[in-house]
Amino acid sequence: MTAPMVHPVLKNGVGAFIPQCRRLVFHYCERSGSSRGMIEYVKKDLIQFAKEHPHVEVIVTPRPSKHPVIRGLYLNGKDKVVCVRNMEPKDIAGKVELLKESSGNRMKVFKKPVISTTESVRGIWSPFHSAPHKI
Amino acid sequence: MLRTLSGRLACATHRANAAISTSVSASRQFSTAFTAAQATPTATAASPVTSETSSSSNSASPVNLLRDQLRYYAVAEIKNRPYLITKNDIIVLDRLKDVQLGDVIELNQIKELGSKDYAIQGKPYVSPEYYSIKATVIEQPKGKIVETFKKKRRKHFQRRYHMKPLHTLLRVSELEVKAQ
């Protein structure tokens, strides 16, 4: 009989902070015009980015006859893909920042200002344990 | 529920001892603390707790009473908005332009510092020598598309605006009350 799987409760940032983006793959086509900005970015700005972020594995691969694409792989195993066809190097740098700064989670609506899994400090209100109303 | 009841009964004995200014509710004790240099100049004169804090090594001082309890919360003001936080929480803010991933931010605008039975309310902020609160920038994501739809009926006017909000997520890595 196997023991049940125990999943560690991860609280990134409490003890140590681990950046969530672990790999960025840059696909480009050498012939097509939509990859022009991507090729220029790879030649000029990408090396500086890779040096500044040693925790991110940067891969550049030709992908012929397709639009240029940046694929980010994260520590939770999920990936995010961004098509950067016809973009200037400045805009591609913005997309790279976007991928680098997010985690693998889906984009979602944040409804509350604080996300908490701890019990409430003051406890749940009960009419039997609070001061009676006085007029 | 039982745990709550016994906890309140146990702390009832403290109420008689502490000379703390009380608010309306009998079950919780509130103390107003004067603040450090960033406070308004009139804060110290009007505070009823001035005599308490002068004997700061007293173990019954408000901060030590609060500290002896198990868990704390704080109401932090970030960019003029209040956030009620405990340790390990994630704060969702509008995007901060001047932070990077992994930066540690010390929060020093704390309006209220509390535990189960005691709370210290700042005027306007609690003195930073009572606490140490730090938050780490863990993520700066884009949110889901938000649609704003405006219509004026019978006037042939309607608009759809779309935007993707930018956020900064902070993880509260440390929330400690310092012994006085």
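1. A definition to start with: two strands count as paired if DSSP finds at least two bridges between them. Helices (H or I, at least four residues) and strands (E, at least two) are DSSP runs, numbered from the N terminus. Please keep in mind that this is a predicted model, where local features need pLDDT of at least 70, side-chain atom pairs count only at pLDDT 80 or more, and totals for chains, interfaces and linings use all residues. Residues are numbered from 1 along each chain as its sequence is written, chains are lettered from A and ligands numbered from 1 in the order in which they are written, and side-chain values use heavy atoms, with hydrogens and water left out.

2. Now to the sheet. Chain A has an open sheet of four strands in the order 2-1-3-4, and the pairing is mixed. Strand 2 (57-62) and strand 4 (79-83) of chain A are at the edges with a single partner strand each, so one side of each has no neighbour in the sheet. On average, neighbouring strands are turned by 15° against each other, direction ignored.

3. Strand 1 (residues 21-28) of chain A runs parallel to strand 2 of chain A, and six bridges join them. In this part of the sheet, Y28(A) is opposite P62(A) of strand 2.

4. Two helices deserve a look. Helix 1 (residues 36-44) of chain A lies across strand 1, strand 2 and strand 3 (69-74) of chain A, at about 130° to strand 1. Helix 3 (residues 89-101) of chain A also packs on the sheet, where it touches strand 1, strand 3 and strand 4, and its direction makes about 15° with that of strand 3. Axes here are lines fitted to C-alpha atoms, for helices over the stretch in contact (heavy atoms within 4.5 Å), and angles run from 0 to 180 degrees between N-to-C directions.

5. I would also point you to N12(A), in the segment before strand 1 of chain A. Leaving aside residues up to four places away in sequence, N12(A) touches F17(A), I18(A), Q20(A), I138(B) and R171(B).

6. Finally, the interface: 29 residues of chain A are in contact with 40 residues of chain B. The rule finds two salt bridges across it (a side-chain nitrogen of Lys or Arg within 4 Å of a carboxyl oxygen of Asp or Glu). R95(B) forms a salt bridge with E101(A), with the closest N and O atoms 3.8 Å apart. Helix 3 and strand 5 (114-115) of chain A are the elements giving two or more residues to the side of chain A that touches chain B; helix 3 gives the most, with three residues.
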